[in-house]
Amino acid sequence: MAQTTTVTWLTQEAYDRLAAELEHLSTTGREEIAKRIEAAREEGDLKENGGYHAAKDEQGKQEARIRQLKELLRTAQVGEAPESTGVVEAGTVITAVIAGDEETFLIGSREIAGDSELDVFSEQSPLGASILGLKVGDSTSYTAPNGREISVEITKVETWGGQ
């Protein structure tokens, strides 16, 4: 079975932030969770030890995040946000009328947006895939996961400024 590699565009700031998170989780984070598991193990019966099971669950989530970050950073394309030319592409902020409501969102990875309140849609999402390459004034529609056909009109395309 062939795997397709998805390239994710990241700003240098986002890449550095994610690399620091990976470093923390891979070192200090693993040490901390190992200590919590060991302390809970010393409490006795593991079958009814809620602290042990909670720590093991947290360890599983942490290891999943480490794998996710490694893959994301391995396939990342690092650079500046593309200068808006009025065309929808990864790393641009879009204002569009979606099913009659105006919305503003970023096209790309949630990791780009960091602490921003801006909604983010990936290029592979139904909405993202349907509008990539469109220009201001273009209209299209896409099929939502629930089967509903949703209309979209692009009203503005801006350069992502990082906030």
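This is a predicted model: local features need pLDDT of at least 70, side-chain atom pairs count only at pLDDT 80 or more; totals for chains, interfaces and linings use all residues.
**Helix pair**

I started with α1, residues 12-41, and α2, residues 50-74. Two packed helices are described by the angle between their axes and the distance between the axes, so I looked up both. The axes of α1 and α2 come within 9 Å, and they cross at roughly 160°. Over 145 degrees counts as roughly antiparallel, so I put α1 down as roughly antiparallel to α2. I also checked the hand of the α1/α2 crossing, and it is left-handed.

Next I asked myself: how many nonpolar, polar and charged residues does the contact of α1 with α2 have? I got 14 nonpolar, 5 polar and 9 charged.

**Domains**

The size of an interface is often given as the accessible area lost when the parts come together. For domain 1 with domain 2 I have about 560 Å² buried, with 59% of that on carbon and sulfur atoms.

Which three residues supply more than any other three of the area domain 1 buries against domain 2? I wrote down Trp-9, Arg-17 and Leu-72, which supply 65% of it.

Methods: Residues are numbered from 1 along each chain as its sequence is written. Side-chain values use heavy atoms; hydrogens and water are left out. Axes are lines fitted to C-alpha atoms, for helices over the stretch in contact, and angles run from 0 to 180 degrees between N-to-C directions. Helices (H or I, at least four residues) and strands (E, at least two) are DSSP runs, numbered from the N terminus. Angles under 35 degrees count as roughly parallel, over 145 as roughly antiparallel, 65 to 115 as roughly perpendicular and the rest as oblique. A crossing is left-handed if the near helix is turned anticlockwise from the far one by less than a right angle, and right-handed if clockwise. Ala, Val, Leu, Ile, Met, Phe, Trp, Tyr, Cys and Pro count as nonpolar, Asp, Glu, Lys and Arg as charged, and the others, Gly among them, as polar. Buried area is the accessible area (1.4 Å probe) that two parts lose on being put together, summed over both.
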